[in-house]
Amino acid sequence: MKRNASSAAARATVPALTKDLTVNVPNVALIIEGGGMRTAYSAGVLVALLEASLHFGKVYAISAGTSNAVNYLSQDAPRLKASFVDIVDDPQFGGWRSWLAGTGFFNAPYLYNTISARPKAQEPVMGFDWEAFCANPADVHIEAYDRDADCTVAWEKRDIAALPDLLMRVRASSTMPFFMPPAPIGGHLFLDGGMGSSWGIPLEAALADGYERIFIIRSRERSYRKEPVGAGAQRLLRLYFHRWPKAADRVINRWKHYNAICDKLDALENRGRALQVFPASMPISSREVHRGKLEDVFAQGLAQGRAEAGAWERWLRG
């Protein structure tokens with residue numbers, strides 16, 4: 001895979017921030033949309049939130065958004081960037097050879113169960129700060145899709161006893177079908193949380209928990225809506241999921257559910273109950289591996305966050 005870097009300015013490292021493990025935004029839910037490598041943008045926005053000392057009491061995330069969620073809760077700004085930008089320089093990151101070997105286009109066992117599980121002293125950037133995550137009183141909500149049971153499973157902090165448990169649940173929620181092998185947890189095999197009942201945006205979970213106001217970081221432009229799955233793609237999906245036809249149905253029908261959630265968020269926003277953060281443009285796909293392009297998308301989110309953090313804080317305090 002080609003992973004060329006962009007300018008030296010774009011390659012600037014994100015400094016570690018002094019950690020303040022308090023909650024000062026207790027009454028607004030933070031939702032982080034998934035989107036694979038597009039969430040490099042979300043990582044930039046989250047670094048800006050940490051710089052502005054905006055600490056939410058609960059974070060809801062699905063798919064690649066879960067990596068950003070746990071990095072935000074451990075208040076690890078360098079890891080937010082590294083997880084979706086710097087990591088592509090690692091020769092074990094993935095690619096088609098990794099996919100052929102059964103570990104996934106994104107090398108799931110290495111990314112989630114090996115490098116992330118190393119102590120910070122050994123792996124200063126990609127090692128996960130479990131102690132800070134646990135010390136943070138804020139909670140997290142992670143969803144994944146149980147392929148065989150055809151149901152959504154959600155986990156919060158109370159369900160996670162140790163770092164390997166957390167990392168496996170983040171992996172499960174992020175497991176793109178076809179591109180990554182199912183994630184095993186407790187005798188069940190899990191796929192991307194976007195296949196579950198939240199359809200990629202866990203809005204209903206936040207509303208069910210009693211949150212009246214929502215702050216959500218999106219990974220596509222405001223105008224984006226999914227298109228119906230074409231006949232040819234439907235045939236391929238049914239072939240791939242021939243033993244799990246309900247899973248195929250979920251992928252095929254996801255577009256209309258996702259679009260309905262987007263419409264609901266727009267309605268909440270119009271009533272002052274939601275603040276949606278969108279990228280002005282999103283030039284990359286969920287499987288982007290070009291370092292320079294990822295740097296640019298991260299920089300877009302960081303610059304936007306720094307410019308808009310004051311306005312966001314006024315809304316959050318309102």
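Me: What are axes, and what angles can lie between them?
Reply: Axes are lines fitted to C-alpha atoms, for helices over the stretch in contact. The angles between their N-to-C directions run from 0 to 180 degrees.

Me: At what angle do helix H2 and helix H7 pack?
Reply: The model here is predicted. Two packed helices are described by the angle between their axes and the distance between the axes. For H2 (residues 65-73) and H7 (residues 163-173), the axes are 8 Å apart and the angle is about 150°.

Me: Are H2 and H7 roughly parallel or roughly antiparallel?
Reply: Their packing angle is about 150°. Angles over 145 degrees count as roughly antiparallel. H2 and H7 are therefore roughly antiparallel.

Me: How do the residues of the contact of H2 with H7 divide into nonpolar, polar and charged?
Reply: H2 brings Thr66, Ser67 and Val70 to the contact, and H7 brings Leu166, Val170 and Ser173. These residues divide into 3 nonpolar, 3 polar and no charged.

Me: Which residues does Leu49 touch, not counting residues up to four places away in sequence?
Reply: Leu49 is among the residues with the most contacts inside the largest core. Contact means heavy atoms within 4.5 Å. With those sequence neighbours not counted, Leu49 touches Leu54, Phe56, Tyr72, Phe215, Ile217 and Trp312.

Me: Is Cys262 buried or exposed?
Reply: Cys262 belongs to a second, separate core of 17 residues, which also includes Ile31, Leu265 and Leu268. Its relative accessible area is 1%, and buried means under 20%. Cys262 is therefore buried.

Me: How many disulfides does the structure hold?
Reply: A disulfide is a covalent bond between the sulfur atoms of two cysteines. Cys134 is partly exposed at 43% relative accessibility, while Cys262 is buried. The number of disulfides in the structure is 0.

Me: Is Ala101 buried or exposed?
Reply: Ala101 is found in the loop between helix H4 (96-100) and helix H5 (108-113). Its relative accessible area is 61%, and exposed means over 50%. Ala101 is therefore exposed.

Terms used
Residues are numbered from 1 along each chain as its sequence is written. This is a predicted model: local features need pLDDT of at least 70, side-chain atom pairs count only at pLDDT 80 or more; totals for chains, interfaces and linings use all residues. Side-chain values use heavy atoms; hydrogens and water are left out. Helices (H or I, at least four residues) and strands (E, at least two) are DSSP runs, numbered from the N terminus. Angles under 35 degrees count as roughly parallel, over 145 as roughly antiparallel, 65 to 115 as roughly perpendicular and the rest as oblique. Ala, Val, Leu, Ile, Met, Phe, Trp, Tyr, Cys and Pro count as nonpolar, Asp, Glu, Lys and Arg as charged, and the others, Gly among them, as polar. A nonpolar core is a set of buried Ala, Val, Leu, Ile, Met, Phe, Trp, Tyr and Cys residues joined through side-chain atoms within 4.5 Å. Buried means under 20% relative accessible area, exposed over 50%, partly exposed in between (1.4 Å probe, protein chains only). A disulfide is a pair of cysteine sulfur atoms within 2.5 Å.
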